[in-house]
Amino acid sequence: MMPPPPRPFTALYNHQQQEEQDDVVVEEEATEAKMMTTTKTRAKTPLSEIVEAFEDLAKSLNSRRIRNSDKGAGGELRLDAFSKTCSLVSVLFSCLGLAFRFAESEYVAKVRDLVEASKEYNTLQTILDLDVANGTVRTSGSHSRNLRRVRQGLDLIRALFEQFLSTNDYSLREAATTAYSQVCAPYHTWAVRTAVYAGMYTLPTRDQLLLNLNETEHSAEKNMRRYINASLPVIEYIDRLYISRNIRLDW
């Protein structure tokens, strides 16, 4: 059998040129994909990280609620995942400046206690049941009391975001004052309330807050709404843990 005739030079050249073009296309696509990944990484902000963590927590809570129930509270929530997620929120208090320094210091200390407790106890229910058995739910320094204070911190940020988004004309001072009055003021002494309200005048402007959070008006609105939606089920779940054990929430 005769071997096939060699391909003409033009055909070989065209084939080689096509291969080189294909290599260029593949390289360009790889570069573009890398740039997109880098852009997404750079686009992640402290607020977006907090939001994603709470959305994961809410999803986890929902899946457990479907499978199980805890004396009417609904499912279980791991203490390590909860405390790790809550630790991310401290950056929001620091972005608010001196006015919320009281909340930041108290919040950070309480979260740190829960982080340490998570090394020994598995769930929020565990620490609450332990304090119920020991009669130390409201005792200063107890895990259950600290959980209650962390829950208030989460709710304070939620209420602040709701007020912040209610109108573009609403100043951060007005939003923060309303949020504090709703969530924390009923449980603080007159001296603490007076100091907090006076400190509201040191809050940053709306634009300064967005700059501190590395957010635009559009991205902030989106992420704040996501936080509100993701944190609320967690906050309500914690409340149900106390209520289902006949523990009032007015403290």
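I looked up Ala-230 and found it buried, with a relative accessible area of 5%. The model I am reading is a predicted one. Ala-230 sits in helix H11, which covers residues 217–243. Setting aside neighbours within four places in sequence, I list Phe-54, Glu-55 and Ala-58 as the residues in contact with Ala-230. I also checked Ala-230 against Lys-59: the two are 171 residues apart in sequence, yet their C-alpha atoms are 8.7 Å apart in space.

**Overall composition**

I then turned to the whole protein. I count 11 helices and zero strands, and the pattern along the sequence reads α-α-α-α-α-α-α-α-α-α-α. Of the 251 residues, 42% count as buried. I took the contacts with a separation of 6 or more and asked what part of them joins residues 24 or more positions apart; the share is 73%.

**Helix H5**

I examined H5, residues 101–117, next. Its 17 residues reach 24 Å from the first C-alpha to the last, which is close to the 24 Å expected at 1.5 Å a residue. I noted its buried residues as Ala-103, Glu-104, Tyr-107, Lys-110, Val-111, Asp-113, Leu-114 and Ala-117. The spacing in that list called for a reminder. An α-helix has 3.6 residues a turn, so residues three or four places apart point the same way. I then asked which helices the buried residues of H5 pack against. They are helix H3 (79–87), helix H4 (90–95), helix H6 (124–134) and helix H7 (143–166).

**His-143**

I followed H7 to His-143, which has its place in that helix. Is His-143 buried or exposed? I record a relative accessible area of 19%, and because the limit for burial is under 20%, His-143 counts as buried. Its side chain makes a polar contact with the side chain of Asp-113, at 2.8 Å. Asp-113 is itself among the buried residues of H5. Beyond four places in sequence, I find His-143 in contact with Asp-113, Leu-114, Ala-117, Tyr-121, Ile-127 and Asp-131.

**Largest pocket**

I looked up the largest pocket and read a space of about 230 Å³. Its lining has 13 residues, and those closest to the centre are Phe-102, Glu-106, Arg-149, Gln-152 and His-188. H5 and H7 are the elements that give two or more residues to this lining. The largest share, five residues, comes from H5.

**Largest cavity**

I asked how many cavities of 30 Å³ or more there are. The count comes to one. The largest cavity has a volume of about 50 Å³. I list its lining as Leu-92, Cys-95, Leu-96, Ile-157, Leu-160, Phe-161, Leu-209 and Leu-213. The elements giving two or more residues to that lining are H4, H7 and helix H10 (206–213). H7 supplies the largest share, three residues. By type, I find the cavity lining to be eight nonpolar, no polar and no charged.

**Closing note**

Notes
Residues are numbered from 1 along each chain as its sequence is written. This is a predicted model: local features need pLDDT of at least 70, side-chain atom pairs count only at pLDDT 80 or more; totals for chains, interfaces and linings use all residues. Side-chain values use heavy atoms; hydrogens and water are left out. Helices (H or I, at least four residues) and strands (E, at least two) are DSSP runs, numbered from the N terminus. The expected span of a helix is 1.5 Å times one less than its number of residues. Buried means under 20% relative accessible area, exposed over 50%, partly exposed in between (1.4 Å probe, protein chains only). Contact means heavy atoms within 4.5 Å. On a 1 Å grid over the protein atoms alone, a cavity is a set of points where a 1.4 Å probe fits but cannot get out, and a pocket is an open set with protein on both sides within 12 Å along at least five of seven lines; lining residues have an atom within 4 Å of a point. Grid points are joined across faces, edges and corners, and a volume is the space filled by probe spheres set on the points. A polar contact is a pair of N or O atoms within 3.5 Å; within protein, one must be able to donate a hydrogen and the other to accept it, and residues adjacent in sequence count only if both atoms are side-chain atoms. Ala, Val, Leu, Ile, Met, Phe, Trp, Tyr, Cys and Pro count as nonpolar, Asp, Glu, Lys and Arg as charged, and the others, Gly among them, as polar.
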